[in-house]
Each structure stands twice: as structure tokens, then as C-alpha cells.
Amino acid sequence: MRLLVVGKLSGQLSTAVKMAMGAGAKVSHVETIAAATHALRAGQGADLLMVDYELDIAELIAANEAERIRVPVVACGVGADPKRASDAIRAGAKEFIPLPPEAELIAAVLSAVSDDNRPMVVRDPIMEQVIQLADQVAPSDASILITGESGAGKEVIARYVHQKSRRASRPFISVNCAAIPENLLESELFGHEKGAFTGAVARRVGKFEEANGGTLLLDEISEMDARLQAKLLRALQEREIDRVGGTKPVKVDIRILATSNRDLAQAVKDGVFREDLLYRLNVVNLRLPPLRDRPGDVVALAEHFVKKYAAANGMPEKPLSAEAKRRLAAHRWPGNVRELENAIHRAVLLAVGPEIDEHAIRLPDGQPLAPADPHARAAQAASLAAETATRGFVGQTVAEMEQQLILDTLQHCLGNRTHAATILGISIRTLRNKLKEYSEAGVAVPAPQTGASAA
């Protein structure tokens, strides 16, 4: 992570910096609040600010907010004065680190505040296919469009792609296009020059320049207005951007990832999204299935969240009971992974006894999860299997589908031509002609009565 230290590097603060570097942080330093805001405005990105609690932390946070710069702050100071520490927390600091520091405390605070504990937890075969595709395309510089329902984990897989790419050591910058007002998003992405508009008191480097050399994630890109889509398209084509109020273009070297929970093809038909921009973004599509379609991931994710929130709340880690696991696996989770995470966080806090039982796992309205219905689970599994099988035919020609069906049926019948023809509803002569055609094309055909792969 990128750590910006604000304050004079006295002996103890210097020791803390060395410990942070030992914990893997990339550290830079300024002495004053004004210098910190200037550095961030100029594009010196940071994932965390470590600030001497003798400085005005409230003023620093307010100055950053005025520039729409939101970076978590950790206060630190010698002597651990309780009043100063509490004042720093009230001013907006997330944590307080007493100096002289302890290496384990530094590492724990950096990990907790940066919220970097988002590993890819995958057990379901459908999701494993997505990860396999992500692994295959991550080393390239191709733009990737990640689609799926809200809460399915699109940003997590975007970070995974970045970590597996050649740019992993460079910045990963995320911009939520839906959370920033339309009139501010252009400046947020491309930056602005001093005096470009009312309130532009200094040059501001945008996210494109901040991500230079690394990866830029455009989260919920479907919410971007048409005018800005045109400017984004030019930036992607030319690999250069124009700051608002600028007079010359700025070259950038970035890899673009984008997410959307909407059907962008339909948005193109509706005239609210540019078709040429969609083609530019959608070089590769990673579609994340909703959690209800990947039941194998539910319990694995739940166990991960149990560990995470037990540690975060200083509580003992308790196992999930067998009934709790059954109910978790049977629930449809309309809010996907985000809803599951919140439910497990509540369960960690509410659980009594040696296990997290089904009574501790509650929905947002306080109601417990419904008991698992074995018939409903079987129907859901059958539906999912049918959907998976159907999805496997997408992109194939009719002839390819026919060949796969004939060979699979023949394999099922252990090579018995007569039984296979009966199941397929064709004559034995037609089947033999098809198999002869496949053999001549070099396709392995099960031998009669054996199921072996030569004919």
C-alpha cells in the first residue's frame, strides 16, 4: 500500500516509517498539512495518511474533502496523550498509533485501515471457470468489462486481475462513476487546471494520471453521461487525456477495467451508451454469476467472513453449525456476496455458545433464515445444472452441438450403437454414417461396447 507520512520525522516517527516499510508499505513524506493536500492534488496517490496528532487533523481532512480526496487517516504521537488521541479520532482519524511503535501494531493497523483483506474465495466450479479466464487474460493490457449483479464481487475480481497483471506493482485506482455527480466526474477522471471553473484554486491531477503505469477501474460505467463517454473514448483510443481547462494533452499509460450491473448491449439499443465505447471496453468480458448460481461458494465465503469479523471485533472465532451451513447454502441471497458478508458480521456479534448457529444468522429485517427445504434445493440444483449445460452450447454451430450430443450419448451407452441410436431417435444407419464422418475428420469415437476412445 502507499503510505503518506505527515509531520516532522523525529526519532520515533522515523522508526514507525521503517516498520511500515518493513510491512510492505511504499512510504513518502511531507511535513505540513498544506503540503499533504498539495501532494495528493498533484497526483501523488496514497492509500493511507499517517499524521502526527500535534497537527490539525480536522483541517487536513476538510481540505482533502474540498478537493474530493478521500484517504483514511491514522494519527500517531509520542506519549499517547489520551486527550490528544481522542481528539484525533473525533476529528476523523480511523486509528491511533502510540509512539514508540510496535512492529505488529503497525502491520495490524495498516492492514485493518487499508481494508486490503479481500482474497478471492472460490470453490464453485462455475466461478472457477471465471477465475481461469481471468488468469488467462490478466497478463495482457486488454480492456476488460466485468459484468454481474450488484454485490456479486466485481471490484474484488478487478483487483484480482490487477494483482495477476504485469502492472501489479503499480497503482490500482478505482472510480465509482455512479457515486460522483455528473458535473464533477470529468474533473475527477481527467483533472483540471487552476481557474478552470469556480473553486478550482489549484491544478488537480485526475485519476487517469494518478493511475499512470497501473490500472484504472471505472466502476458502474453505465452511469456515465453521453458527453463524458465521448471524451473517455478518445482517451482510450489516443492514450492521452485533456485536463479541464488545459491547453495541451497529457500522455497516459494505463490498463482500463470497467464494471456494470446493467446490460450495456441493451443500453446501446436504448441510446444511452455509446456502441463504439462498449466495443473498446469489452475486449474481454468476465461475467460474474450471482451467488445463488454458485452455491459451492456460499459456505466457503461465510467461513472467511467469520474469521475476518471475529478478528476485527476482537472476538473468539466460532465455527458455523451444520444447520447454519445448510440454511446459508439454501438461501438465495438477492444481495449476493455483500448481503452474505453483512449477515455473517451480524452473526459473529449475535452468536452465543460455542458455535454460530442458525438463530444468529439473520436477515436485515431481523428475521432468521428459513429452514432448508431439501426438495427446493434439489429443484434449484437441477435448474442450475440445466442452465450450465445450456450455457455450454452457446457459441457452437448446430453441427458441433449435434456431434457433441451423439458422442456423449454413445459414451453413456458404452459404445453400443443400437442403444445410442434409440436414445437419439435416429436410425442405426444414420448413426453409423455420422460416426464414419467423425472418424474420417480425426475425431475420437468410442469403440463398440467398450467406451474406449478409438474406432
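Is L350 buried, partly exposed or exposed? In this predicted model, local features need pLDDT of at least 70 and side-chain atom pairs count only at pLDDT 80 or more, while totals for chains, interfaces and linings use all residues. Residues are numbered from 1 along each chain as its sequence is written, and side-chain values use heavy atoms, with hydrogens and water left out.

L350 is partly exposed, at a relative accessible area of 46%; buried means under 20%, exposed over 50%, and partly exposed in between (1.4 Å probe, protein chains only). L350 lies in helix α15, residues 336–350. Helices (H or I, at least four residues) and strands (E, at least two) are DSSP runs, numbered from the N terminus. The protein chain has 19 helices and twelve strands, and buried residues make up 44% of its 455 residues.

In soluble globular proteins, nonpolar side chains tend to be buried together. A nonpolar core is a set of buried Ala, Val, Leu, Ile, Met, Phe, Trp, Tyr and Cys residues joined through side-chain atoms within 4.5 Å. The largest core here has 32 residues, of which L189, F208, L216, L218, I221 and F273 touch the most other members. Elements giving two or more residues to this core include β7 (172–176), α8 (182–190) and α10 (226–238). Helix α10 gives the most, with five residues.

Beyond its neighbours within four places in sequence, F273 is in contact (heavy atoms within 4.5 Å) with I221, S222, Q229, L264, A267, V268, L278 and L281. A second, separate core of 25 residues includes L320, A324, A343 and I361.
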